[in-house]
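Here is a short report on a two-part topic: annotated spans and model confidence. Please keep the structure in view as you read.

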Amino acid sequence: MSETVTPEATARPLPSWATPDTPEINEDALKALETYKKRDPSKVVVRFKAVGNAPIMKQNFYKITASNRFQAVIQFLRKELGWKAGDPLFTYINLAFSPAPDDTVSNLFKSFCTDGHLIVNYSTTAAWG
Amino acid sequence: MSNYGTTRHHPAAAAPKDRVDYHTTLFRRLSWEGTVPLEIRVDPQELPANSDRGLECYFMQAPRVSYLPLLMPEIRRFLMDVVFDEAAAKSLKEEEWWFECDDGTLLKWHWPIGLIYDSHSILASIRPGASLSATMATPLRLILHLASPPTDKLLLSPSAESCKQAFMGQLKEADFIRWGNTKRITGLRKVDQDGLWEGIKEHNFDDYWRVASKVTPTTAPNRPQSPGPPPSSVSMHGRPPSADASGPSERDGAYNVRSVPVRVYLPDGPVIQDLVPPILEDGTPHTLSHYLSTHVPLLFPPRPPAPPPSRSNPHPQPPSVSELAYPLIQGVLTPPESEMAWLGACLAGADGWLNICVGISKK
């Protein structure tokens, strides 16, 4: 490991955590990252509840892969309802808020599950927007 | 104990609850005023005919708490005034514009800019062959495309209005995490709800916090096991007329929430979100190091305990372990002993969420 000070390093002192002694990244850390990247194959129960004039579904409980994004739940719901692109559909958790479409089902379930279900309300008009 | 959380240790009687303490305001202001450098370049293959090439790059410092759709008017003004000719300016549809990072990842409209910057800077730092300069505070290079947005991957339309809706959704989700309901947000008048967004749009700390202080937990010294301040005997005068009619009380304290709204972003990996009680079962405050070692143990292994104190070493330090990863909050390396409740009240983004970006240490 050379102690040469590069012009870049002299131009602006960096905090110690940002200055790599060597450009190498810890292999253990990269391995750990790969482990966390593996998709969780487990499933959680999502319970759909219509709000207002929204049509009810034949079946209300579905097992959905936990690693899916909420966007996938919205798409699934649209398909089940036979909604066309552009038909309005608003989705909420616990009658309270619309999650970000890139929240995962798993994270939402961990934070908001009720009686072992993630309750997803859907409406054709903005309800708690 | 973290020096950063000192306000919590003041005697309970020292300050009436409505007086915002120095540390809280300071850290909230530091988070708010933080900016990141951006370099925005129009995709050269999409530059309209007769554009002034060589000028198609725009540099700006963008507030961390802001959002890409809110930067569009400024970027658009530059492009229209300097780069595009009149005919091209007329034919372009702004609702078809979208951003990509120079590494080819799409930029989501609804992520705070600080979060985009930190997560991409971390990714760049661990890419094979990343040079020292890649990890320095260089501008984040964005490519602006002028047509064919990949709508299914962007998830939202680029309008400021849909970004505002997403922002309100995040505020409510944070409120629900803290209190189990969204009454604080839904109880705001429409003009106040809009005021939050206007405050971000104008990057005005006072406008934003005038409303946000009604929904953000206080950091006053209220702990379930502490006696707490005298009930409402605290003088009412001196409280601004806009203050919550019921008055702030112990129930608003950062250490009394059910859970702190926290998301952990791993480089190019999953986002981890779980309940984060402010106080652990043993009655001690939930610290950042405890949280990371329980939720991301492979990157933040629990530290071995310090040896017992002896005459020769009355204050023993735990044995040092090689660090695999580090936490960045608002772009700042955060001390492991920081308390989650305090972080949530002082270093959260404008949407109420504490975003922790995990970086990978170099050997």
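Start with residues 260–358 of chain B. Their end C-alpha atoms lie 18 Å apart. The span is 15% helix and 18% strand. Helices (H or I, at least four residues) and strands (E, at least two) are DSSP runs, numbered from the N terminus. An unreviewed UniProt entry lists these residues as "domain: Autophagy protein ATG5 UblB". UniProt positions follow the numbering used here, feature names are shortened, and annotations may be inferred rather than shown by experiment.

This is a predicted model: local features need pLDDT of at least 70, side-chain atom pairs count only at pLDDT 80 or more, and totals for chains, interfaces and linings use all residues. Residues are numbered from 1 along each chain as its sequence is written, while chains are lettered from A and ligands numbered from 1 in the order in which they are written.

The unreviewed UniProt entry also gives "domain: Autophagy protein ATG5 alpha-helical bundle region" for residues 161–217 of chain B. That span is 75% helix and 0% strand. Its end C-alpha atoms lie 27 Å apart.

How do helix α8 (residues 190–201) and helix α9 (residues 205–212) of chain B pack, and at what angle? The angle is about 150 degrees, and the axes are 8 Å apart. Axes are lines fitted to C-alpha atoms, for helices over the stretch in contact, and angles run from 0 to 180 degrees between N-to-C directions. So α8(B) is roughly antiparallel to α9(B) (angle over 145 degrees). Residues making the contact (C-beta atoms, placed from the backbone, within 7 Å) include B:Leu196 and B:Ile200 of α8(B) and B:Tyr208 and B:Val211 of α9(B).

Now for confidence. pLDDT is the predictor's confidence in each residue, from 0 to 100. The model scores ipTM 0.81 and pTM 0.82.

| Chain | Mean pLDDT | Residues at 70 or more |
|---|---|---|
| Chain A | 83 | 81% |
| Chain B | 83 | 83% |

Among the elements of chain B, helix α5 (residues 151–154) has the lowest mean pLDDT, 74. Strand β5 (residues 262–265) of chain B has the highest, 97. In chain A, pLDDT stays under 50 over residues 1–10. In chain B, pLDDT stays under 50 over residues 1–17 and over residues 222–248.

Methods: Angles under 35 degrees count as roughly parallel, over 145 as roughly antiparallel, 65 to 115 as roughly perpendicular and the rest as oblique. Two residues are in contact if their C-beta atoms, placed from the backbone, lie within 7 Å.
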